[in-house]
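Let's take a friendly walk through a few residues, a core and a surface patch. Keep the structure open beside you as you read.

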Amino acid sequence: MRKRVLPGFGLSLGYAVAYLGLVVLLPLAALAWKASGIGLEGLVRLLSAPRTLAALRLSVGGAVVAALVNVVIGLLVGWVLVRYRFPGRRLFDALVDLPFALPTAVAGIALTTLYAPNGWLGRWLEPLGIKVAYTPLGVFVAMVFVGFPFVVRTLQPVLSSLERDVEEAAESLGAQRWQTFFRVILPMLAPTLLTGFALALARAVGEYGSVIFIAGNIPMRSEIAPLLIVQKLEQFDYAGAAALGVAMLLLSFGLLVLVSLLQRWSQRWAERSA
Amino acid sequence: MSAPLRSRPVAWPRRVVHAVLILLALVFLTLFLLLPLATVFVEALRQGLGPYLEAIKEPEALSAIRLTLLVAVIAVPMNLVFGIAAAWAMTRFEFRGKALLGAFIDLPFSVSPVVSGLVYVLLFGARGWFGPWLDSHGIKIIFAVPGLVLATMFVTLPFVARELIPLMQAQGSEEEEAARVLGASGWQLFFRVTLPNIRWALLYGVLLCNARAMGEFGAVSVVSGHIRGLTTTMPLEVEMRYNEYEYVGAFAVASLLALLALVTLAVKTLLEWRYGDEIAAHAPGGH
């Protein structure tokens, strides 16, 4: 261990831990404590209720699919922004962060207006039989929107530092461009894509503001889990709300652990094949 | 350029593939990002500039703007100080539990906004841990301004710390140690050596923190109680107007938040262009 020449260890660590404890850990302890008040039987009844299951399925399932779609689109957009030069590239690059910067409620009402049957996009989709606003598809669209920047932004630094000589070697050995992409580039990007996937997933699972407007919130159909928490709170069912909150936290942590395991595995695999 | 020694046939000229990929990406970005942004301003100005300005000048809108600024003015500096303290402790010293501290700092990003608000209701609400005590002392936190501030602090806690930690890690502490050896006091060292080194990253973190603080919806909506003119921040005012079918009014307030987002993006991009090296290894996405 390095000798401590610099001052302020006690003050900075003490302040950081105390602040974190008061703002984050104490409130989360209250959540766990309140949730335990529901009892095991109550928990089973809550989590096995069809309406809860439907909401959890939509929040988790929708988030997984949205994150997968974001991996594909993020790969395309990240690739185009890093590898190609075209007019307006920097402007579009800056635009990628819009979903981070735009408040969720604003995104929510804008997406709803856009995809409503008489909206700019909705009026073209409606005749095709595609209903987006007030359906589970709308939930999915909002989830793709909020998760979009994650994959692009994780990918960009890695893409621009990717050694071109590997690609050139593959091509000089006679590989087609698409072979180089799928056999050489994609495996090298896999760990990064998984990081982006995990970030987009974590964001979408708990997303509320941008989703509730476009969802229509029809019970059993387009109702997300966070909305169920809000409803329980409005009925003063604190224990039920807390239990659902804990369930959501555990679910998203479980998913994140799963992704990080996948990531470790793909990293080892990429290193071995490199 | 290398000599054209290609022996294999090139079925698709590369330029065509590039053009198609670029076109696809731009069409997506336009339809998916630019169009929602445009919608906000078009809907806000649907009935012309007069009704737009009228909607913004209503007392509820003005009080929502004031409240949003108030919440950000408290929450952002709190997380600024925390971010500096946490980054200083984590990058300048070795101690047990450092990784755990880092994980806890990131925790708010993986908690649903609704849960971030819920936890404070469980602590300070009428039936929460401290509810009865607060009630008997006449202190209101939930359905009042302190609750809004706390929920915002929770949600935006990681921003500054996350920006500073990788940068200060990369910069190392040689300069600070040299200043120390030359006899600088702790605060002299911080203000003369550390702060100038991290100022752009700090500004970057504050910028993102502020954008989220002013735009937060889920967490704030749970603790607000939606009392018009008293506990509705701008995003909540947008929601209430929208739900009451006051579309021009809703989009008018939303357009102010969209402008804030655009300014944030512009300043962020400018910082990245000019001081990219000094912001350095910022966490991808940064939320």
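A:Leu199 sits in helix α10 of chain A, which covers residues 177-205; helices here are DSSP runs of H or I with at least four residues, strands are runs of E with at least two, and both are numbered from the N terminus. This is a predicted model, in which local features need pLDDT of at least 70, side-chain atom pairs count only at pLDDT 80 or more, and totals for chains, interfaces and linings use all residues. Residues are numbered from 1 along each chain as its sequence is written, chains are lettered from A and ligands numbered from 1 in the order in which they are written, and side-chain values use heavy atoms, leaving out hydrogens and water.

Apart from neighbours within four places in sequence, A:Leu199 is in contact (heavy atoms within 4.5 Å) with A:Phe150 and A:Thr154. From A:Leu137, 62 residues away along the chain, its C-alpha atom is separated by 21 Å.

Now for the core. The largest nonpolar core has 192 residues, and A:Val77 and B:Tyr120 touch the most other members. Its largest share, 15 residues, is supplied by helix α3 of chain A (residues 50-83). Such a core is a set of buried Ala, Val, Leu, Ile, Met, Phe, Trp, Tyr and Cys residues joined through side-chain atoms within 4.5 Å. Leaving out residues up to four places away in sequence, B:Tyr120 touches residues of both chains, including A:Val23, A:Pro27, B:Ile142 and B:Phe154.

On the surface, A:Tyr15, B:Leu70, B:Val73, B:Ile74, B:Met78 and B:Val81 make up a nonpolar patch with about 480 Å² of accessible area together. Areas follow the Shrake-Rupley method with a 1.4 Å probe, and for residues only the protein chains shown count as cover. Patch members have over 30% relative accessible area and no salt bridge, with nonpolar side chains (Val, Leu, Ile, Met, Phe, Trp, Tyr) joined within 5 Å and like charges within 9 Å; a salt bridge is a side-chain nitrogen of Lys or Arg within 4 Å of a carboxyl oxygen of Asp or Glu. Helix α3 of chain B (residues 59-92) gives the most, five residues. B:Val81 is found in that helix and is partly exposed at 43%.

Conventions. Buried means under 20% relative accessible area, exposed over 50%, partly exposed in between (1.4 Å probe, protein chains only).
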